[in-house]
Amino acid sequence: DFAEFGIRVNCISPGQIDTTRAHGGQTPRRDIPLGRRGTPFEIAGMVRSLCGPAGGYVTGQTLHINGGLSNSGV
């Protein structure tokens with residue numbers, strides 16, 4: 001609806017991120033295809049890409065940054 005005005009709308013859907021607040025109730029790392037939780041730096045990198053020139057032609061997308069967990073059937 002807003003593309004004609006140059007407004008892009010995207011969504012980032014992060015998986016489990018390794019932070020000091022992360023604890024309990026999370027999927028075991030062995031169930032994540034990459035074998036680890038993500039880092040805040042990795043999420044920030046994707047946000048930066050979307051906001052910069054590299055993301056200029058991206059709109060209406062949901063980016064799942066989750067180490068492959070959404071594709072693993074877990």
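**Close-up views of a predicted protein chain**

The protein chain exposes about 5,700 Å², of which carbon and sulfur atoms supply 56% (accessible areas come from the Shrake-Rupley method with a 1.4 Å probe, and for residues only the protein chains shown count as cover). This is a predicted model, in which local features need pLDDT of at least 70 and side-chain atom pairs count only at pLDDT 80 or more, while totals for chains, interfaces and linings use all residues. Residues are numbered from 1 along each chain as its sequence is written, and side-chain values use heavy atoms, with hydrogens and water left out.

**View 1. Overall arrangement of the protein chain.** One helix and two strands are present (DSSP runs numbered from the N terminus, helices being H or I of at least four residues and strands E of at least two), and they follow the pattern β-α-β along the sequence. Of the 74 residues, 15% count as buried (buried means under 20% relative accessible area, exposed over 50%, and partly exposed in between, with a 1.4 Å probe and protein chains only).

**View 2. The nonpolar surface patch that includes Ile7.** Phe2, Phe5, Ile7 and Val9 make a nonpolar surface patch of about 420 Å² (patches are made of residues with over 30% relative accessible area and no salt bridge, like charges being joined within 9 Å and nonpolar side chains, namely Val, Leu, Ile, Met, Phe, Trp and Tyr, within 5 Å). Ile7 lies in the segment before strand 1 (11–14), and Ile7 counts as partly exposed because its relative accessibility is 41%.

View 3. Arg37 is found in the loop between strand 1 and helix 1 (40–51). Although buried, Arg37 has no salt bridge, and the nearest side chain of opposite charge, Asp18, is 5.4 Å away (a salt bridge is a side-chain nitrogen of Lys or Arg within 4 Å of a carboxyl oxygen of Asp or Glu; Lys and Arg count as positive and Asp and Glu as negative, whereas His and the chain ends are not counted).

**View 4. Pro40 in helix 1.** Pro40 lies in helix 1 and touches Ile17, Asp18 and Thr19, not counting residues up to four places away in sequence (contact means heavy atoms within 4.5 Å). The C-alpha atoms of Pro40 and Thr19 are 7.4 Å apart in space, with the two residues 21 apart in sequence.

View 5. Tyr57, found in the loop between helix 1 and strand 2 (62–65), counts as exposed because its relative accessibility is 84%.
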